[in-house]
Amino acid sequence: GSTISARPAGPSRAAAPLGRWDSGILAGRDLEAGGTWLGVAAGRFALVTNRRADSSANEDLTKLARHGADTFGYKANLRIDRKLAQLLRLRVSQINNCTYCLNLHYEAARDAGVPRPVIDTLTAWWETDFHDDAARAALAYTEAITRVADATVADDVGVRHDALVEHFSQEEILEIIGIVINMNVWTRLKLAEGATPGLAGQAMS
């Protein structure tokens, strides 16, 4: 047989032994940051490499990112539809070109039950008939907030916010804002780290 364990980022970093997570991943766990470097899921094992920086070395940065994930991440319990929330996360990942986030949120979208054609055409969602008016308003707003540095898009933020009001409650709108901001934090964090998913090979059956 073979064994897999997490490698601490430094000699003082404690790591839990190999075990199965609630998500079904078989891996070790960094006891400080809560993540892993190598694990098994769905019959394959993969690794994540940080090529540039390790954000978990900064406690405040780790807390900032972790709070956003716990509150608005893909495992959070929110009012808005789970499938829609996952499409918003994936769209931010696409816009910001974060390979780590793309890998994670394509899988999360499938796990949420989003049909494959909806996932595969998300980069041109406005050209499809897969989304109702509420979803289209949420996706358009997500793009505006994510591309706010683009002056041509920034001018439309108010209009796109008004479109949200027609379909979502104030509480739901704030959740959408939280989801989009959280994903923009995480995509930029993973880009700064240089985090990339890598297929390590076939798991032992």
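Predicted model: local features only at pLDDT ≥ 70, side-chain atom pairs only at ≥ 80, totals over all residues.
Let me start with the chain. There are 205 residues, and 38% of them are buried. The chain has eight helices and five strands. Read from the N terminus, the order is β-β-β-β-α-α-α-α-α-α-α-α-β. So much for the order of elements. Now the contacts. Take those with a sequence separation of 6 or more: 58% of them join residues 24 or more positions apart.

Next, the core. Which residues touch the most other members of the largest nonpolar core? They are Leu 88, Val 114, Ala 138, Leu 164, Phe 168 and Ile 176, out of 33 residues in that core. The largest share comes from α5, with seven residues.

Look at Leu 164 for a moment. Set aside its neighbours within four places in sequence. Leu 164 then contacts Ala 137, Ala 138, Tyr 141, Ile 173 and Ile 176. Two of those names, Ala 138 and Ile 176, were in the list of core residues that touch the most other members.

On to α2. This helix has 14 residues. First C-alpha to last, α2 reaches 20 Å, close to the 20 Å expected at 1.5 Å a residue. Is α2 mostly covered or mostly open? Mostly covered: 12 of the 14 residues are buried. Among them are Leu 84, Leu 87, Leu 88, Val 92 and Ile 95.

The axes of α2 and α3 are 9 Å apart, and the packing angle is about 160°. Anything over 145 degrees counts as roughly antiparallel, and therefore α2 and α3 are roughly antiparallel to each other. Their crossing is left-handed. On the α2 side, the contact is made by Arg 82, Gln 86, Arg 89, Leu 90, Ser 93 and Gln 94. On the α3 side, Cys 101, Leu 102, His 105, Tyr 106, Ala 108, Ala 109 and Asp 111 take part.

Gln 94 sits in α2. Its relative accessible area is 9%, and the cut-off for buried is under 20%, so Gln 94 is buried. Beyond residues up to four places away in sequence, Gln 94 touches Leu 102, Tyr 106, Leu 122 and Thr 123. Leu 102 and Tyr 106 belong to the α3 side of the contact with α2.

Now α8. This helix runs over residues 170–193, which is 24 residues. At 1.5 Å a residue, α8 should span 34 Å; the end C-alpha atoms are 35 Å apart, which agrees. What follows α8? Gly 194 does, with a positive phi near 75°.

How does α8 meet α5? The two axes come within 10 Å and cross at roughly 45°. That angle makes α5 oblique to α8. The crossing is right-handed. From α5, the residues in contact are Ala 138, Tyr 141, Thr 142, Ile 145 and Thr 146. From α8, they are Ile 176, Ile 177, Val 180, Asn 184 and Arg 188.

Arg 136 is in α5. At a relative accessible area of 24%, Arg 136 is partly exposed. Leaving out residues up to four places away, Arg 136 touches Trp 125, Trp 126, Thr 128 and His 131. Trp 125 is 11 residues from Arg 136 in sequence, and 8.1 Å C-alpha to C-alpha.

Leu 191 is in α8. Leu 191 is partly exposed too, with a relative accessible area of 34%. How far apart in space are Leu 191 and Cys 98? Their C-alpha atoms are 6.1 Å apart, across 93 residues of sequence. Apart from neighbours within four places, Leu 191 contacts Arg 52, Asn 96, Asn 97 and Cys 98.

Key: Residues numbered from 1 in each chain as written. Heavy atoms only, no water. Helix = DSSP H or I, 4+ residues; strand = E, 2+ residues; numbered from the N terminus. Expected span 1.5 Å × (residues − 1). Core = buried A, V, L, I, M, F, W, Y, C linked by side-chain atoms within 4.5 Å. Buried < 20%, exposed > 50% of the residue type's maximum accessible area, 1.4 Å probe, protein only. Contact = heavy atoms within 4.5 Å. Axes fitted to C-alpha atoms, helices over the stretch in contact; angles between N-to-C directions. Parallel < 35°, antiparallel > 145°, perpendicular 65-115°, else oblique. Left-handed = near helix turned anticlockwise from the far one by under 90°.
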